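Q: Can you walk me through a helix contact between chains and then a domain contact? I have the file open.

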Amino acid sequence: MDFNDSHQEAKFREEVKAWLSDNVPSDPEMDGLDYLEKAKFWQKRKYDAGWACIRWPVEHGGRNASPIEQVIWNQEESRFDTPESIFVIGHGMCAPTMMAWASDEQKKRYLPKLASGEEVWCQLFSEPAGGSDLAALRTRAEKDGDDWVINGQKIWTSGAHYSDYGVLVVRTDPSAQKHQGLSYFFIDMKSAGIEIKPIKQISGGSNFNEVYFSNLRVPDSQRLGGIGQGWQVALTTLMNERAAIGGGGGGVNFDSVFELARKIDRNGRPAIEDSQVRAKLANWYVQESGLKFAGYRSMTALSKGEIPGPENSIGKLVGAPKQQDMASFALDLLEASGSIWDENFSDSSGLFQATFMASPGGRIAGGTDEIMANIIAERVLGMPQDMRADKGIPFTEIPAAHKS
Amino acid sequence: MNFEFSEEQQLLREQAQSFLADNCSTKRVRETFESESPYDRDLWQKVVDLGWTAASIPEKYQGLELSYLNLCVIAEELGRSLAPIPFSSSVYLATESLILFGTEEQKSYFLPRLASGEVIGCFASDEAQRASSLGGPKTTFSDGRISGEKIPVADGSIADFAIVLAKKGDLDSSAFIVDLNSPEVERIPVKSIDPSRDQAKLVFHEVPAEELGNKVSGNMILKAIYDRAAILFAWEQVGGSETALHMAKDYAMDRFAFGRPIASFQAIKHKLANMYVKNTLARSNCYYGAWAISTNSKEIATAAAAARLSSIQAFYFSSKENIQTHGGMGFTWEFDCQIPYRRARLLASNIGSEAIWQDKLISSIEETRAA
């Protein structure tokens with residue numbers, strides 16, 4: 001066992017490092033740009049030099065890189081302070097769906113501009129009545145000539161307000177069984193008939209939106225997959241979640257709470273000397289190191305050209321509750337001051353308070369803890385799906401609390 | 001990045017699994033468990049014949065001098081099969097003590113005999129409720145003789161010799177080699193929470209003893225040996241923990257309630273998913289440990305504590321929730337759920353508890369960052 005790159009990997013890493021250190025935008029270069037402009041500036045620079053979406057085929061704007069090269073790229077890029085990406089959903093989920101289901105002409109039109117960051121994409125799946133149970137969605141599409149007319153509502157759409165395009169799953173046949181009455185489209189987010197309302201979160205931020213459709217017209221040519229095949233297409237999107245390995249998790253982690261415990265007094269001694277504090281920190285340390293080394297195991301498989309095992313499926317289920325618990329514990333260490341959330345008065349400019357308030361979202365977004373546990377039980381351990389009350393009956397006859 | 005066992009080691013794993021499936025079924029473990037015999041002699045002999053007791057011993061002393069990664073593989077498979085043999089005492093503790101600290105003469109005498117299975121060793125550090133890593137031993141060494149009591153000593157009724165921690169007069173402690181067949185040694189069998197593994201009380205009445213190595217402090221020996229052993233124990237614990245998960249899954253798939261397999265209930269799925277999560281974290285930390293022990297890394301203290309701590313937690317969780325998944329049947333003597341549950345508890349008590357390793361982990365991180 002060793003942690004070293006292969007000769008080829010080392011060469012690639014050097015190339016990446018050299019390009020990054022010459023090209024990561026400096027502060028003066030980005031002076032006066034807002035976060036969207038900064039993100040687009042950086043993405044375009046990568047694209048122009050052939051470093052955007054490196055795993056994509058060359059004709060779509062990538063460089064045909066291997067999975068391990070993507071991991072190396074992620075690791076090296078994360079060492080720099082680069083603008084926060086707004087392309088994760090577009091590159092990680094929309095693009096693979098387009099590659100699998102769109103026409104050649106559409107791929108040629110949309111993928112390079114997605115890679116270059118000139119066009120931003122979002123994903124319109126969840127609905128007020130369909131989150132974990134996504135296929136329960138109710139937004140309707142009805143055929144009218146060569147167009148579809150769409151009415152309904154989506155929710156939790158990240159970046160809807162700055163997106164140019166979006167992928168959308170809708171119900172085209174309510175009389176069919178739940179999963180069989182769906183179809184999949186991509187839409188122009190600037191079309192008439194779309195209204196976007198930001199959702200204010202408990203953390204105070206607004207990362208998500210509600211998106212309302214009233215008589216939105218979408219050409220049939222923007223349908224991906226057959227009529228009624230929407231669920232299958234949606235699965236392509238959902239299976240292509242961004243490779244979670246590589247990169248580094250910032251924010252509240254072992255290091256930040258360990259440093260806090262060294263600094264804070266408890267009964268006149270540094271809190272780190274308290275055995276309870278040590279025990280808790282040790283438990284979180286082994287979760288973090290366990291995730292890190294699970295990542296190394298996956299990288300080893302990728303490096304050999306093999307498909308990684310399921311060890312990385314635990315990442316979000318371990319990481320998200322850990323963030324919440326660690327933030328809460330840090331606030332305990334701060335005693336009464338833990339109750340202040342004021343940049344002028346809080347330790348670390350309120351990092352622990354902000355994480356405490358943001359962390360419930362981490363346990364829900366992209367699959368709740370409960371759904372993640374189901375996925376592990378079903379896909380990794382091979383346990384049966386839960387019995388479903390909605391199986392084999394038309395969508396319209398499925399019991400629901402209320403129907404709009 | 002190559003963070004994986006080699007093909008040769010994977011082959012060893014397959015051989016070990018097939019050998020243990022034939023020779024160490026749960027039924028077989030239960031025979032030792034329910035008998036008066038302190039270990040499975042037949043299985044032990046076969047393990048010796050396979051060369052596993054010689055794995056880490058240098059060729060110079062008639063060992064196989066394999067990588068410690070091979071020993072990690074063996075440890076995991078012995079843990080998975082819940083093997084009722086004194087492997088951890090003799091190999092991870094006694095053999096390692098001699099390899100690391102023994103004089104040339106001691107190594108030449110003991111290591112070939114440990115390799116060939118002619119002798120079994122054990123490690124006697126604990127004295128009743130006094131954790132071995134806290135304070136010094138009460139057992140004393142003077143004028144070439146040891147007096148005192150050690151309890152519990154894992155495999156103390158089986159072993160031919162023990163590495164005993166004792167205080168040298170008013171000075172520091174050290175480790176001593178004691179022939180357990182001496183008339184001055186009283187061996188009192190002690191009932192164990194895991195009856196498939198032996199525990200004893202050893203009373204030394206001025207028994208002749210020889211210091212291990214050349215004036216090495218007992219604390220240094222204890223730390224070095226426990227750090228290395230912790231990684232190997234952790235692999236056994238991960239193996240055992242996977243057994244508990246598989247027992248729970250097999251039962252949940254076959255057991256029907258309310259007209260469906262209980263494996264289809266989320267309460268059961270989430271329980272088992274949690275076992276998988278804890279096992280995966282523990283296994284990944286064990287990989288770190290395997291890397292550290294096989295490369296003699298400076299990070300071994302951190303790696304050992306991380307592997308040990310997460311494996312204690314995983315095995316405890318899986319073994320108790322395995323009983324819970326079985327419902328009332330899991331609480332019966334007849335079902336095998338008690339075997340991993342007892343083993344998890346035994347291994348968690350050997351070589352320092354969860355609390356001690358939590359503290360050691362933070363201490364080693366503090367030391368690394370101060371450096």
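Q: At what angle do helix 8 of chain A and helix 11 of chain B cross?
A: In this predicted model, the axes of helix 8 (residues 275–303) of chain A and helix 11 (residues 354–370) of chain B cross at roughly 80 degrees and come within 8 Å. Axes are lines fitted to C-alpha atoms, for helices over the stretch in contact, with angles from 0 to 180 degrees between N-to-C directions. Helices are DSSP runs (H or I, at least four residues), numbered from the N terminus.

Q: Parallel or perpendicular?
A: Helix 8 of chain A and helix 11 of chain B are therefore roughly perpendicular (65 to 115 degrees).

Q: Which residues meet there?
A: A:Ser275, A:Arg278, A:Ala279, A:Leu281, A:Ala282 and A:Tyr285 meet B:Ala355, B:Gln358, B:Asp359, B:Leu361 and B:Ile362. Contact means C-beta atoms, placed from the backbone, within 7 Å. By class, seven are nonpolar, two polar and two charged (nonpolar: Ala, Val, Leu, Ile, Met, Phe, Trp, Tyr, Cys, Pro; charged: Asp, Glu, Lys, Arg; polar: the others, Gly among them).

Q: How is numbering done?
A: Residues count from 1 along each chain as its sequence is written, chains are lettered from A and ligands numbered from 1 in the order written. As a predicted model, local features need pLDDT of at least 70 and side-chain atom pairs 80 or more, while totals for chains, interfaces and linings use all residues.

Q: New topic. What are the domains of chain B?
A: Domain 1 (7–115), domain 2 (121–214) and domain 3 (219–370), with bounds from an automatic or database assignment.

Q: How many residues link domains 1 and 3 of chain B?
A: 23 residues of domain 1 contact 22 of domain 3.

Q: Which helix gives the most on the domain 1 side?
A: Helix 4 of chain B, with ten residues.

Technical notes
Helices (H or I, at least four residues) and strands (E, at least two) are DSSP runs, numbered from the N terminus. Angles under 35 degrees count as roughly parallel, over 145 as roughly antiparallel, 65 to 115 as roughly perpendicular and the rest as oblique. Two residues are in contact if their C-beta atoms, placed from the backbone, lie within 7 Å.
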